[in-house]
Amino acid sequence: MALETPTSLVEQHDVPGATLALCSADGVVTRSIGWHDRTRAARLSATARFPIYSIAKTMIATIVLQLSEEYRLALETPLREVVGSRAPWLDPAISIHQTLNHTSGLPDYGSLPAYREALLACPEDSWSERDFLVCAREAGPQFAPGAGWAYSNIGYMLLRLAIETATGMSFAEAVAARIAAPLGLQQTGVVEDLAAMRALNSGFSTTLSHDGTEEDITPRYHPGWVAHGLVASTAAEAARFLHALLNGSLLAPPSLAAMLTPIRVPVAGHPVFRQPCYGLGVMLDPEAEGGLLVGHGGGGPGFSLGVLGLVRDGQAITAVGMANSDRGDIGLALAARELRRMTPIDR
C-alpha cells in the first residue's frame, strides 16, 4: 500500500501544502506535499496537526451512540430534556436522533450577519455558549422537526452539551477518554484556547481580513468560534479513527448500523458523492461503486479537510486529505483520490 503525491491538485487550488493518509488492515501510510506555510521556508510534515472542524461531528455522534449503548442517553429522547436548562426555548419535538442527522430544523450560524460581524471585529475572543444560543433562538427554526434536512452546527453544539451533561465530563475529557485513549491517538484532542491554536500547523485564509488579504489564521482565530468544539488531529490519526469506527472498534453493530442508515439530502452535483446522503454524524453515498462511501468533510478558516472510508463486505479502508488553506474543497477531493486509487469508487 503506497500513496502518490497529488501535486497537480494541490497546485490547482494554490494551497501551500497537504498531508495524506491511507489506512487499511495492513496499517497506515502517510505522505505530505508542499510547505508548512506561504514562506516556503520549511516543508510540510506528514505529522502536522490541523484543526479538523466538522470531522469532529463524527466523533460527537460516536460518543452519543456510545452513551446510548450505556443507557445514559436515548436517541428518541427530546433534546430539551437533556439540555433544557441551557436552552429552554428548544422545541420539545426535537429528538437527539433528529439532531444527529440534521432533520431537527435547528438553525445554523455561519451565514448570519451577526456572526460574521462579531468574528471580523474580534477573532481572538469568541462568542460564549450563551451568545450562540441567543443567536439560534433569535434565528428561529428552519422547519418543523422531521420535516426537512438542513445542516446545523448549533445542533451539534447542543449534542456536545448533552454529552457533557450525561457524562459529567468536559468535551475535551470525553474525546480523550472515549476516542483518543481507546485507539492510542496521541495527537488528537480538543483545542480550547489561542495558545493551543498557535501550536497547530499554519493555515491560510482571507476570512479574518477586512480587505481580502490572506493570512495565517492560527495566531488570531479563537477555537471557541467553532460552537460544537474544535478538535485537532493528524492525517494518520484521523484515518485510524474512521477505520476503527467503521470496522467496529468503537460501536456495537446495532449502533454502527444506525449511524450508517442514510437519508437523502438536497444536494445536487457533489464532486465526491454520487448520491449525497447523511447518517448520524457521517456523510454517506450508498451508490458509490465498490461499497458504501462514508466520511465527513471539514472546512473553516485556514484549512480544508476530508476523511473518507469505503465499506465492503463488512471491512473498510479509509483515506484522509488535509490542506493548510481553505481555498476550495480540496480535503475531500484528496481523500477521494486516494480511495479511487485503491478501490473503484469513481463513476
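This report describes the nonpolar cores and the pockets of a predicted model.

Residues are numbered from 1 along each chain as its sequence is written. Local features need pLDDT of at least 70 and side-chain atom pairs pLDDT 80 or more, totals for chains, interfaces and linings use all residues, and side-chain values use heavy atoms, without hydrogens and water.

**Cores**

A nonpolar core is a set of buried Ala, Val, Leu, Ile, Met, Phe, Trp, Tyr and Cys residues joined through side-chain atoms within 4.5 Å; buried means under 20% relative accessible area (1.4 Å probe, protein chains only). The largest nonpolar core has 108 residues, of which L158, Y221 and M259 touch the most other members. Beyond four places in sequence, the contacts of Y221 (heavy atoms within 4.5 Å) include Y53, Y115, L194 and P301. A second, separate core of 8 residues includes V15, A18, L20 and I330.

**Pockets**

On a 1 Å grid over the protein atoms alone, a pocket is an open set of points where a 1.4 Å probe fits, with protein on both sides within 12 Å along at least five of seven lines; lining residues have an atom within 4 Å of a point. A volume is the space filled by probe spheres set on the points.

| Largest | about 680 Å³ | 33 residues |

S54, Y151, N153, G297 and G299 are the lining residues closest to the centre of the largest pocket.

Terms used: Buried means under 20% relative accessible area, exposed over 50%, partly exposed in between (1.4 Å probe, protein chains only).
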